[in-house]
Amino acid sequence: MPLKKIASIRRAKVKKELYKKAQRDMKKDRCHFLSIRECCDILDVDPVSVKLINKKNLDEIFTSICAWDYYLIPGSLYAALPLYAKLSPDEAMKRGAKALLTDRQESDYPCIIVSDVMEAYCRLCGYIESRTDSKTIAITGSVGKTTTKDMVKMVCTQQYKTFCDVENNNMATLVGYLVQHIPADCEYYVQEVHEGDPDSARSISQIIHPNVAVITNIGESHLGNFSSYEGLIKGVTDITYGMAKDGVVIIDGDDVSSVSAHWDRKVIKVSVTDPSADYFATDIKIGKDGLTFNIVFGTHNVAAKLHMYGVHNVTDVLLAFAAGVESGVSPEKAVQGIKSYIPRGMRQNVVHVGKRTLYIDCFNAAVKSMKTALYTLCELPLKADAKRIAVLGDMAELGKDSESMHREVGRIVADSFIDVLICYGKFSAGMADEARKSSSLQVFHTENMAELNKLVKEHVGPKDVVLFKASHTTNLIATVRANFPFTYFRAIYMERLHRHFVRTSCLK
């Protein structure tokens with residue numbers, strides 16, 4: 001059965017399950033639910049202005065506050081966000097919405113009318129989150145958010161009851177929904193935060209009130225969505241907007257932009273180059289199944305193992321380790337959590353197929369992540385008479401400097417130990433031009449998917465090590481599917497199916 005059909009059936013079942021769960025939870029715990037009157041009070045709206053047949057219904061509670069059509073169940077307050085709403089007011093009410101959160105009256109429907117729907121949605125969801133007893137760890141940054149988030153989750157689950165979504169649902173519309181499902185006995189809530197649009201991190205911080213904020217780095221990803229690099233930096237630092245005054249910010253001390261940014265909270269630095277950092281990695285070694293190293297902090301020196309390649313991933317480990325230890329996780333349990341982390345799906349996934357190795361990293365791409373992926377490709381063990389091949393696609397959302405950034409990646413490839421470069425996409429033409437300056441490198445470029453698949457088939461041998469790296473909008477994963485169908489099914493398709501079935505992770 002096709003994945004879309006399975007997803008459709010599952011979606012309908014999920015909605016029924018969520019509605020039944022809401023009905024049960026409303027009777028035993030009001031923490032995650034608000035009435036029409038309570039919503040009006042929080043938003044400073046006159047309850048009398050809500051068009052209801054019977055004003056006694058003002059004290060009826062919503063089954064959820066929803067801004068995403070996937071999760072709209074009967075009895076919800078549907079937030080009709082101008083830029084995000086996929087349902088018209090008529091469709092939302094037909095699907096069972098009890099009322100609409102909107103900036104104007106819609107027909108004769110019950111509407112809570114506000115001037116800024118997104119801000120109102122964040123205030124309501126933030127109020128619900130504030131009624132929970134859990135502490136929050138937020139993870140944001142230009143690249144590496146999801147990997148670091150998953151590591152933080154593995155660290156925290158070693159000692160605390162932890163709630164964390166299995167996907168990278170990091171937009172305010174979905175984060176607001178997730179906080180309504182934080183279990184009553186949850187001790188730590190781990191949430192990835194989108195920083196790629198102005199005010200995005202600020203809005204989410206207003207919802208989740210982080211106690212600890214982890215910043216992976218501040219690079220050029222999503223730069224095209226901001227008017228300047230300074231605006232992008234502010235977009236990241238806004239993560240502290242809803243943070244308590246005693247909150248902690250953990251940054252990569254080797255990232256110049258993160259170090260020079262203005263932080264209004266206590267800052268903790270991690271590093272792989274500076275021994276004076278609060279958390280420092282030493283003796284980094286590459287083994288046949290990953291990396292080993294020591295983590296030095298205070299008077300402690302603990303051995304750690306990571307089942308991943310790429311020295312850059314040690315920084316993510318340090319960020320996750322620091323987040324855990326600063327939150328009370330013992331160092332011993334923290335390194336055990338790191339050891340149990342294994343990358344899956346389309347992110348830094350090293351898959352062995354016979355004697356061939358595929359390094360699949362097709363979800364996102366920027367200059368820094370391209371550089372680290374290429375370095376990792378050169379670290380992977382290579383058999384005799386085999387080649388290192390990089391299949392690279394366009395990097396998205398880079399703005400006016402996109403061409404120069406693609407050319408920069410081409411120069412990185414030219415200076416590497418890679419044997420074959422296959423570029424795909426309009427912008428990667430500049431990447432190919434720069435790489436051709438290396439006489440020892442075979443370089444190809446195409447904007448046609450069929451030709452790309454043909455180039456991969458012709459040049460990838462049975463013992464080669466191959467990197468697939470691009471922004472997910474390039475759909476480079478389709479080339480993996482076309483040329484290595486069994487690998488795709490095992491490493492990507494089944495992982496997607498698994499994540500769909502556990503869309504919102506269980507409390508561990």
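Select helix 12 (367-379) and helix 13 (402-414). Helix 12 and helix 13 cross in a right-handed sense. A crossing counts as right-handed if the near helix is turned clockwise from the far one by less than a right angle, and as left-handed if anticlockwise. Helices (H or I, at least four residues) and strands (E, at least two) are DSSP runs, numbered from the N terminus.

This is a predicted model: local features need pLDDT of at least 70, side-chain atom pairs count only at pLDDT 80 or more, and totals for chains, interfaces and linings use all residues. Residues are numbered from 1 along each chain as its sequence is written, and side-chain values use heavy atoms, with hydrogens and water left out.

**Stop 1: helix 12 on helix 13**

Stay on this pair. The axes come within 10 Å and cross at roughly 15°. Axes are lines fitted to C-alpha atoms, for helices over the stretch in contact, and angles run from 0 to 180 degrees between N-to-C directions. Helix 12 and helix 13 are therefore roughly parallel to each other. The scale: under 35 degrees is roughly parallel, over 145 roughly antiparallel, 65 to 115 roughly perpendicular, and the rest oblique.

Now show side chains. From helix 12, pick Val 367, Met 370, Lys 371, Leu 374 and Tyr 375; they meet Met 405, Glu 408, Val 409, Ile 412 and Val 413 of helix 13. Contact means heavy atoms within 4.5 Å. By class, this contact has 8 nonpolar, no polar and 2 charged residues. Ala, Val, Leu, Ile, Met, Phe, Trp, Tyr, Cys and Pro count as nonpolar, Asp, Glu, Lys and Arg as charged, and the others, Gly among them, as polar.

**Stop 2: helix 14**

On the helix 13 side, select His 406, Arg 407, Val 409, Gly 410, Arg 411, Val 413 and Ala 414. They meet Ser 428, Gly 430, Met 431, Asp 433, Glu 434 and Ala 435 in helix 14. The contact divides into 5 nonpolar, 4 polar and 4 charged residues.

Buried means under 20% relative accessible area, exposed over 50%, and partly exposed in between (1.4 Å probe, protein chains only). The buried ones are Ser 428, Gly 430, Met 431, Ala 432, Glu 434 and Ala 435. They pack against helix 12, strand 16, helix 13, strand 17 (420-424) and strand 18 (442-446).

Zoom in on Arg 407, in helix 13. Arg 407 is partly exposed, at 23% relative accessibility. Leaving aside neighbours within four places in sequence, it contacts Gly 430, Met 431, Asp 433 and Glu 434.

**Stop 3: two positive phi values**

Go to the loop between helix 12 and strand 16 (388-393) and select Asp 385. Its phi is positive, about 65°, although it is not a glycine. Most residues other than glycine have a negative phi. Is Asp 385 buried or exposed? Asp 385 is exposed, with a relative accessible area of 77%.

Next, take the loop between strand 16 and helix 13, where Glu 397 is found. Phi of Glu 397 is near 60°, again positive in a residue other than glycine. Glu 397 is partly exposed at 42% relative accessibility.

**Stop 4: the cores**

Select Leu 101, Ile 112 and Leu 392. They have the most contacts inside the largest nonpolar core, which has 104 residues. A nonpolar core is a set of buried Ala, Val, Leu, Ile, Met, Phe, Trp, Tyr and Cys residues joined through side-chain atoms within 4.5 Å. Beyond four places in sequence, Leu 392 touches residues including Met 370, Leu 374, Val 409, Val 413 and Met 431.

**Stop 5: helix 5 on helix 11**

Finish with helix 5 (residues 145-156) and helix 11 (residues 331-339), whose axes come within 7 Å and cross at roughly 130°. That makes helix 5 oblique to helix 11. The crossing is right-handed. Met 151, Met 154 and Val 155 in helix 5 meet Ala 334, Gly 337 and Ile 338 in helix 11. The contact has 5 nonpolar, 1 polar and no charged residues.
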